[in-house]
Structures are given as C-alpha cells and as structure tokens.
Amino acid sequence: MYLKHIPMDGPQNFRDLGGFLTASGQVVAWNRLYRADGLSGLSEGDIAWFRRLNIRTIVDLRSTAEQAARPDRVPEGVRFCSRPMMREQGSGEQPGSASAFLQSLKVGYLAMIRDGAPLVGSAVNAVLDGLEQGAVVFHCTAGKDRTGVLAAVLLLLLGVSEEDITADYEVSYTYNARGVNRAVAQVPQLKPYLEQAGEDSVLHSNPKNIRAVLDELNAGTISGWMEAAGVSPERQSRLRRILLEPAGD
C-alpha cells in the first residue's frame with residue numbers, strides 16, 4: 001500500500017515521507033517514516049491505521065508544556081518518545097527558543113538549525129532508534145514548523161532534491177485547511193486573526209521559509225551539520241540503509 005496522505009479523523013496532515021527519488025538513484029522507502037500534526041485526538045479508526053501501517057514509535061517534537069496540555073493518544077504497543085525541538089520559555093536560553101518565532105517563521109526555523117541544532121540532532125537519533133523497531137511517526141502541533149524542519153533535515157540527508165523537499169513542506173497549508181476551518185466554525189472570532197498576516201501568517205507554509213533552512217544547511221555539508229548536531233557518521237549511514245531502497249522495488 002502506497003498512500004502519501006493518510007486519511008485520518010483526528011490528524012489532518014499525516015503523511016508518508018516515502019516515494020522521493022534521491023541523487024543516488026535510490027528511492028525513500030514507503031511505509032517506514034511518517035510526519036504528522038497533533039495526535040491527541042486519534043479516533044478508533046485512526047488507531048487502526050497505526051496498526052495497519054505498523055507504526056511502533058511516536059516522536060513528539062512539541063514542548064513539555066504542549067505535551068501536558070494536549071497529550072498524545074498513544075496506541076497500545078507503540079513507544080512514545082518526547083524530543084522537544086525548541087528550547088522552552090524560562091530555560092534561560094534565548095537562542096533556538098520559541099521566542100524566535102515571535103519575529104517570523106523564517107527566524108524561528110533558522111534558530112532551530114543554528115542554536116537549537118543539538119535538539120534537532122536528538123530528534124534525528126530518536127527517529128533512527130525507532131526505525132530499528134518498525135515504522136515511526138514524528139509530529140508537532142500543526143505538522144508544519146518543527147515537523148517541517150525535521151523532515152527537511154532528514155530528506156536532505158537522504159539526497160532528496162530541494163524542489164521535492166520544498167513541495168513536501170508547502171502542502172501542509174492545504175492539508176491543514178480542514179482543521180483550521182473546523183476551528184473557525186467553532187470560534188468565528190478567530191478568522192480575522194488567522195487571516196491578517198496573509199502569506200506570512202503562521203498558518204501558511206510559504207516556500208521561502210523552508211528554503212532558508214536548506215540554504216543554511218547547504219552552506220556546509222548536511223553530513224557535517226548532522227555530526228555537529230550529535231548524529232555520528234555511522235548513525236547517518238544506518239538511516240540511509242533503513243530508509244533508502246532501489247528504485248522500482
């Protein structure tokens with residue numbers, strides 16, 4: 001079964017990262033690595049999807065405060081792993097913290113890549129550990145910002161083109177629209193606030209934001225950046241072995 005977008009009741013932005021052609025001529029394997037938005041509202045049907053997809057690990061990129069406020073519904077037999085990808089308010093460390101997002105999404109993304117690199121590296125290592133047990137899903141709240149940065153890092157390591165990485169990021173706005181519309185229907189006064197910033201709104205997945213991340217990573221090498229972030233060359237090779245397969249298989 002090869003489905004790019006998984007039709008769930010709760011999460012609206014639950015997607016398979018498989019199917020991308022890489023520079024080596026290999027393809028990112030299907031049914032192994034997924035990206036998603038919030039998992040607190042999983043229905044029984046959604047739980048059945050977890051079993052069908054053999055998802056064995058959830059990597060939650062949200063802050064501990066977010067996790068406490070809206071905890072994931074973790075299906076039986078699935079391992080939960082908390083790996084916040086931003087330094088939290090009150091930690092005493094501003095670089096890489098949520099405060100960067102108050103300036104713009106682009107500034108927030110770059111803060112994660114620059115000053116928050118060890119947190120991103122920790123999330124990558126958690127993904128690898130999970131992949132050795134079965135399929136993995138990583139997620140944040142909307143499945144766009146923290147999830148989008150981690151997806152970009154992983155896909156770049158695997159050799160996926162910048163065009164495909166950017167397209168994978170952009171589609172979040174489309175898939176999240178249903179959830180946004182549902183929220184506006186429940187709380188109509190949200191609509192002016194959500195629309196006021198246009199394409200620079202936190203709701204949009206403007207390609208310029210993820211391109212800034214790719215430009216930053218490509219200033220050196222993705223392998224070197226990964227190693228500096230705490231992902232050893234050996235573990236990078238293991239990620240490639242698990243997630244890449246010959247085209248046509």
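Q: In what order do the 5 strands of the open sheet lie?

A: Let's start with the general idea: strands of a sheet pair through backbone hydrogen bonds, either parallel or antiparallel. In this predicted model, the order across the open sheet is β1-β3-β6-β4-β5, and the pairing is mixed.

Q: Which strands stand at the edges?

A: Those are β1 (15-16) and β5 (79-82); each has a single partner strand, so one side of each is left without a neighbour in the sheet.

Q: In which sense do β4 and β6 pair, parallel or antiparallel?

A: Their pairing is parallel: β4, residues 55-60, and β6, residues 135-139, are joined over 5 bridges. To find the spot by eye, go to D60, which stands opposite H139 in β6.

Q: Which residues line the largest cavity?

A: Pick out R35, G148, A151, A152, L155, I165, D168 and Y169. The elements giving two or more residues to this lining are α5 (146-158) and α6 (162-186), and α5 gives the most, with 4 residues.

Q: How do the residues of that lining divide into nonpolar, polar and charged?

A: The lining of the largest cavity has 5 nonpolar residues, 1 polar and 2 charged.

How values were computed
Residues are numbered from 1 along each chain as its sequence is written. This is a predicted model: local features need pLDDT of at least 70, side-chain atom pairs count only at pLDDT 80 or more; totals for chains, interfaces and linings use all residues. Side-chain values use heavy atoms; hydrogens and water are left out. Two strands pair if DSSP finds at least two bridges between them. On a 1 Å grid over the protein atoms alone, a cavity is a set of points where a 1.4 Å probe fits but cannot get out, and a pocket is an open set with protein on both sides within 12 Å along at least five of seven lines; lining residues have an atom within 4 Å of a point. Ala, Val, Leu, Ile, Met, Phe, Trp, Tyr, Cys and Pro count as nonpolar, Asp, Glu, Lys and Arg as charged, and the others, Gly among them, as polar.
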